[in-house]
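Me: I have a structure open and want to learn how to read it. Can we go through it step by step?

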Amino acid sequence: MVIRLAIAASIVALFVIIYALVDCLRTPPHAVRSISKPAWVLTIILLPLIGALLWFFLGRPRPGSAPEEFRAPGSSSRSSAPDDDAAFLRRIEWEREQQAKEAEFKKREDELKKREGKNKKDDGDEPDDGSGNGTGPAPNGPATDPRNN
């Protein structure tokens with residue numbers, strides 16, 4: 001009876017060791033806790049049952065801590081619909097605000113160009129190039145230049 005129990009315990013221990021070794025080898029290196037991945041493999045092999053138990057309690061990544069690209073497609077903790085995701089909604093709102101700002105800027109730019117074009121047409125009737133040939137007085141006062149005296 002004791003021998004059967006010892007054989008059953010040995011088989012269970014062997015399965016635990018093999019499972020721990022395979023689990024350690026399949027885990028991405030950056031997700032392993034405590035010590036490096038090669039050190040965990042050596043620990044599991046050199047200290048068979050103790051190393052396997054240490055791996056499960058100290059080295060294995062915590063559930064839910066794996067990066068998104070290493071998670072199974074159905075096990076993601078993110079929202080299922082994009083309109084339920086707050087970050088997605090904030091980004092969409094920000095993009096809308098940026099588009100509205102750009103449209104307003106373009107509208108004001110067009111208005112400014114129209115005003116400048118209209119002002120140039122109005123200025124074309126009365127040239128004021130400082131030569132005194134226009135209808136207004138010369139910019140320096142009298143028409144005679146004091147340097148010519």
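Me: What percentage of the 149 residues of the protein count as buried?
Reply: Keep in mind that this is a predicted model. A residue counts as buried when its relative accessible area is under 20%. Here, 12% of the 149 residues fall in that group.

Me: How many helices and strands are there in the protein?
Reply: Start by listing the elements. This protein has four helices and zero strands. Read from the N terminus, the order is α-α-α-α.

Me: What share of the contacts join residues at least 24 apart?
Reply: Look at how far apart the partners sit in sequence. Take the contacts between residues at least 6 apart. Of these, 47% join residues at least 24 apart.

Me: Which residues make the nonpolar surface patch of about 980 Å²?
Reply: They are Leu42, Ile45, Leu46, Leu47, Leu49, Ile50, Leu53, Leu54, Phe57 and Leu58. Helix 2 (37-46) and helix 3 (48-59) each give two or more residues to this patch.

Me: Which helix gives the largest share of the nonpolar patch?
Reply: Helix 3 does, with six residues.

Me: Why does Ile45 count as exposed?
Reply: First, find the residue: Ile45 sits in helix 2. Then compare with the cut-off. Exposed means over 50% relative accessible area. Ile45 has 51% relative accessibility, so Ile45 counts as exposed. Ile45 is also one of the residues in the nonpolar patch.

Notes
Residues numbered from 1 in each chain as written. Predicted model: local features only at pLDDT ≥ 70, side-chain atom pairs only at ≥ 80, totals over all residues. Heavy atoms only, no water. Buried < 20%, exposed > 50% of the residue type's maximum accessible area, 1.4 Å probe, protein only. Contact = heavy atoms within 4.5 Å. Patch = residues over 30% accessible without salt bridge, like charges linked within 9 Å, V, L, I, M, F, W, Y side chains within 5 Å. Areas by Shrake-Rupley, 256 points an atom, 1.4 Å probe, with all protein chains shown as cover. Salt bridge = Lys/Arg side-chain N within 4 Å of Asp/Glu carboxyl O.
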